[in-house]
Structures are given as C-alpha cells and as structure tokens.
Amino acid sequence: MSAEGFLTISDLNAGYGDARVLHGVNLSVGRGEICAILGPNGAGKTTLMRALSGMVWVRGSIGFDGADLARRSPDTIARRGVAHVPEGRGTFMPLTVEENLRLGAFTRRGRGTVEADLERIYTYFPVLKTRLRQVAGSLSGGEQQMLAIGRALMSRPRLLLLDEPSLGLAPLVTRELFRIVRTVNEQERTTVVVVEQNAHLALGIAQQAHVLESGRIVLSGTADRILQDEKVVQSYLGYRV
Amino acid sequence: MSERTNERGAFANAGSEPPGEDRTREPAKAADTPPRAGTPSRGRVLAPALARVTPGRRGWIAVAALLAVACYLPFQLVPFRVFQFTMVMVYAVALLGLNLLVGHAGQISLGHGAFFAVGAYTTAIMLDRWDLPHLATLPIAAAVAFALGLAFGLPAVRLRGLYLALVTLAIAIFLVPLLKRFESVTGGSMGLTLAKPAPPAWTGLAEDQWLYFLTLAVAVLAFLLAYGLLRSRVGRALHAVRDNEAAAEVMGVRLPFYKTLAFAWSAMFAGAAGCAYTWVIGFVSPDSFVVTLSITMLAGIVIGGLGSFSGPLLGGLFVMFVPSISQDVNDAAPGVIFGLLIIVVMYVAPTGLAGLAGRVTRSTKNILRKE
Ligand SMILES: Nc1ncnc2c1ncn2[C@@H]1O[C@H](COP(=O)(O)OP(=O)(O)O)[C@@H](O)[C@H]1O
Ligand SMILES: [Mg+2]
C-alpha cells in the first residue's frame, strides 16, 4: 500500500451549496504513483477532483506533502503544485495554443524556464508544436485534450489531476494519451490521480485504484487485483472489460 | 454569458459538455470529435476578433497609414470638424479602457462615464485651483481615476453579470448629485470654466489643431500602453478569466486581484480621456456626465467591436456622431433613432463593426482571388 501518503485524504466531505456529494472519503496516494478513480456516472468522481483543487466546499482534510489543502483557494492550491485538467478540458477556446500553454506556466515567472518547458511539452505532444498559432477552438477533441494536459504540465505539477481524459475521444487517441501520461509519470515522477470510466485503460497504467459509488469509496486495492476481479468490474462499472 | 453567471463551483458547464450530450456513452463508440459543438459558440463568434492581439505586418502598415491620415486631417478640415475628430479620439481612449474591462476581462460596467467624469473634474479642479500646466494634469487625473477604480473594483469583483451591471450603474447615478453638492470645489451645477492649452508659437498651429494633436498624442500613448498590457502575462490572465473563470483559477490566476486590476486600468484610461476632454472643451459641469454617457459608451464599445483594437476607434466614432445624427434625423425623439441604430448594427454585425470590417475584407479578398 501507499504508506508514504504523498496525498492523504481523510474523512473528506464535499459538495455544492446544500448538496453533499462526497461522504467521508479516505484514500492515500504514494509519491510518484498513478491512482485511478473509477465509478459510475454521478458517483462524485468529478466532485472529488474539484475538492482536491479547491473548487467546491470541503470538510475533512487533504494532506499534500505535509500541508493541508482543505479550504484553500484554487489559485493557492495551484501554486502548491497541483494541476487540474478538468472534465471537458477547460481550454481557452478563443486563445491560441501557445497562449494556452503559456497560461499553464502562470504560477511561475522567469522567461528562460518557460521556453524550456514549452520545448518539453512539444516532446510529449509534437502535434501541438505544429498548431501554435491556431486558436484552441479549432483543434480536434484529441488535440484539445493534449493541449489541456500540456498546459497542466507547464506548471511543473507535483500532482496531476486528470478528469476523464478519454471523454469523447476515439479509442486510438485515448490509448495514445494514456501512454503519454505514463511516460510523464515515469520521467518526471509526477503523481497522477486519474478519473476514468474506461476502467481497462486506467487500470493499465495505475498502481492503485479506488471505486467510488454514491460519494463513498466502496472498493480499494492494487490495479492488478481490481482488474482481475471481473465480477467487481462488471457490477461497479456496468460493462465488461 | 451564462457560463460566467454560474456560482463558483458550478464548473460542470465551464467549457465542458454540450448540454445535449449524454455522459453515459459507450466507451468504444465515441469518435474523436472535432471542436465541440456546444460550448465554443461564444469562442467561435468571438474568435476572429479576440484572437488578434498581435496585428501582424499588414496590421502595422494599416496603423501607420491611419496615423498618417490622422496627421494630415486637421490641415484639411474646418475647425468644427477638427474638433469633432478630436472628440472621437477622446472617446476612443475612454473606450480603450472599457474594452479592456468588457472585451478582454469579460466584466461589465455601466459606470464607465463616472471615471471619465472623475478624470475631467480632477483636471478641471487642478487647473482652476492651482493653475497647473495642462500636461501635468494628465498623469494625476489618470492616477486618481486608477485609485478610484481600485476602490470600486474591490467590492465589485465579487459580483457577476446583472449584479455587477447594477452596481456600476449606481456609480454613474450617484456621481452627478455628488458633484453638485461640493459646490465650492466643483462649481456646483454651474460647473467650471477653464483655459484651454494654448498652441506654442513655434508650431504655427491654430487652437483647434493644437488640441487635436495633443489628444492624438494621448491616444497614441494610450493605445501603446494597452497593447503592451494585453501582450503581457497579465493580459493572458485577463483573457483566461474572460473565457473560463474556473479554469483560470485552477491555473493559479487570482480572480479578485485580476478583476480589480482590470477595473482600475479601465478607470485609468477613462480618467486620461476625461482629462483630454477638459483640455478640449474647457468647461465641465454635472450635465456633461449624465448616466446616458456611460450607457452610450458601453453601446459604443459593443458596437465598435469588443476585444479588438479597432473597436475603441469605431466606437469613438459612434459615441461622437450617432447621438447627433439621431438628433438631425428626428428632432423629437433622438433616443428612438439611437436605439434603433444600435439594434440594426447588432443585427447586421453581431461581433461589432470591427468584426464586420474583418468579414468584408475577407470576402473582398476572396472575390478578388477568384477573378
Ligand atoms: N455544479 C453542480 N452543482 C450541483 N450539483 C452538482 C454539480 N455538479 C455535479 N453535481 C451533482 O453531484 C453528483 C456527483 O456528480 P459528479 O461529481 O459530476 O459525478 P461523476 O463525475 O462521478 O459523474 C451528482 O449527483 C451531480 O448531480
Ligand atoms: Mg465526472
């Protein structure tokens, strides 16, 4: 297990206004690990990601590398090294690819390092380099997801939150994306929490996985174990692997 | 707009799923969708105008040509026309500020005229009481307006959409009674009459021409400043706030800080414009800054073209000429003509005149290419 607890969420409640969506979530992710969050629609996966980046109200604690992120503002959390790629990407449509990427480095100053980071992003996503002057709104879905991830990496995050990166993408594109996420994780030791409906893909790159249902964690374990347990996958995820 | 009126945390629609799309899709079925159909509607409409912060080589040539014409104009026109074009530039500077706030930062203000008035009155009082040289009043008027913009921006940035519109409108509404009250300083409803800057003998210019060139210098300075601002890291932050607040925030953009800053800057440009106004008119009174001025300015920048650099210029023409043209067309109800004109322009050119100009150029080019 991830005893190290780079990210340790304990007794986390979160929601919107009067509506509580998460009920006492506990989980822990080790430094440099990839952790998959699975679960049916409406389970609260997106809400969990938003709680981690300070976009919804939270109660409980979110330990992150020795600090508590609970009840901090989104920009403070971003400055602490958490990058959130939201569901639906959240790219800035009227801005160019380059402007989007530069915005990713917003929390850091210093010109030289930003240029170096741009080059670093292009090695992961060569296609972005050919689209620099294009507005993000004119990219394909896959390219936009790459842009969203590239933008997040521009901040040199210590924790990368990916919310359904495969949403609306062709299987081939999705597989490529996950391959890149794994490469990033290996090369930069970035800790990743990825929410996915496509359990097979997520479990393919993750070490740990948690199944969320109605705002509660109903199953946790190593990715291998959960992948093996076909019955579990079927009943919790609603389709065969 | 609706995206922005969401409460914090209502991130679900922020640049994400089109409303109709079913989230329970088969994992294997979905194809690599081209730009999503739902959300970009805003982005799509605004893209041509907003994406261009850098004008490109052709743009710079156009700017140079425009400047050349602007320098030539006052020697060809009668003084009254020169005065009118001077006022166009005054309004353009004010609209540059409003454009920053509305077009680039995605906020709204129905109180821009109030900051314009602050600049005008600051200048007038400085000239009236201390007899300062005209040029010295410009930075002071801009600074005072900037400070007031900060002061009003701080509480205003907590509000969105209609609430923000209402509060900024209130600023414009209480201003005039306030000016009338402090009679000893502001001259009350009588206003203040001031000396206009006199042309130095070596220039050989008439007064109207001198005022024109002074204002032109202010306008050029203001445009350069706005250009630099928008190309900087801060400009990108404003665009991010405009396009998707929630996404901007998770990237580390402190929303209240940048929104307040946008207010302060926009007020600063309005203040500088107000200063030039006092130079040019040589008279200020509460009646010069009624609420409709703020509304006309907002109409001007929306019609001129939000987020583009030609927008404030076209908007300046609009603010200067359309109310008086309306008066000529129908003396009894200029408001009706004015309103109708706004409706017609927005119908023909939903992205404003700047967008229309871009479309016309593009289609002309296409026609020329075909032949
Ligand atoms: N912006 C919001 N305001 C109020 N309730 C929301 C909002 N977004 C999601 N919810 C509710 O929270 C619950 C969990 O949603 P979500 O976290 O998006 O689930 P998932 O990502 O697992 O599909 C749902 O019942 C949903 O209706
Ligand atoms: Mg979700």
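Is Arg131(A) buried, partly exposed or exposed? Arg131(A) is partly exposed, with a relative accessible area of 25%. Here buried means under 20% relative accessible area, exposed means over 50%, and partly exposed lies in between (1.4 Å probe, protein chains only).

This is a predicted model, in which local features need pLDDT of at least 70 and side-chain atom pairs count only at pLDDT 80 or more, while totals for chains, interfaces and linings use all residues. Residues are numbered from 1 along each chain as its sequence is written, chains are lettered from A and ligands numbered from 1 in the order in which they are written, and side-chain values use heavy atoms, leaving out hydrogens and water.

Start with confidence. pLDDT is the predictor's confidence in each residue, from 0 to 100. Chain B has a mean pLDDT of 78, and 82% of its residues reach 70 or more. Within chain B, confidence is lowest in helix α1 (residues 2-5), at a mean of 37, and highest in α12(B), at 93. Helices (H or I, at least four residues) are DSSP runs, numbered from the N terminus. Over residues 1-52 of chain B, pLDDT stays under 50. Where pLDDT is low, the predicted coordinates should not be read in detail. The model scores ipTM 0.81 and pTM 0.78.

Now the charges. Side chains of opposite charge can pair when their charged atoms come close. A salt bridge is a side-chain nitrogen of Lys or Arg within 4 Å of a carboxyl oxygen of Asp or Glu. The structure holds 13 of them over all chains. In one, Arg131(A) meets Glu143(A) at 2.9 Å, N to O. Arg131(A) sits in the loop between α5 (126-129) and α6 (141-153) of chain A, and Glu143(A) in helix α6, 12 residues apart. Glu143(A) is buried, at 13%. In chain B, Lys259(B) and Glu245(B) form a salt bridge at 3.0 Å, N to O. This pair joins helix α12 (residues 255-281) to helix α11 (residues 245-250), 14 residues apart. Both Lys259(B) and Glu245(B) are buried. Back in chain A, a network of salt bridges links Glu98(A), Arg102(A), Glu115(A) and Arg133(A).

Next, the nonpolar side. A nonpolar core is a set of buried Ala, Val, Leu, Ile, Met, Phe, Trp, Tyr and Cys residues joined through side-chain atoms within 4.5 Å. The largest has 95 residues, and Phe116(B) and Phe289(B) have the most contacts inside it. Its largest share, 17 residues, comes from α12(B). A second, separate core of 48 residues includes Phe125(A), Leu160(A), Ala202(A) and Ile226(A).

Finally, the rings. Rings of Phe, Tyr and Trp (its six-membered ring) pair if their centres lie within 6.5 Å; planes under 30 degrees apart count as stacked, over 60 as edge-to-face and the rest as tilted. A search of the whole structure finds 16 aromatic pairs over all chains. Phe115(B) and Phe152(B) have ring centres 6.1 Å apart and planes at 70 degrees, so they are edge-to-face. Phe115(B) is buried, at 3%, whereas Phe152(B) is partly exposed, at 25%. One aromatic cluster is formed by Tyr91(B), Phe116(B), Tyr121(B), Tyr277(B) and Phe289(B). A charge sits over a ring if NZ of Lys or CZ of Arg is within 6 Å of the ring centre and within 35 degrees of the ring normal. The charged end of Arg233(B) sits over the ring of Phe106(A), 4.1 Å from its centre.

Note on methods: Helix = DSSP H or I, 4+ residues; strand = E, 2+ residues; numbered from the N terminus. Contact = heavy atoms within 4.5 Å.
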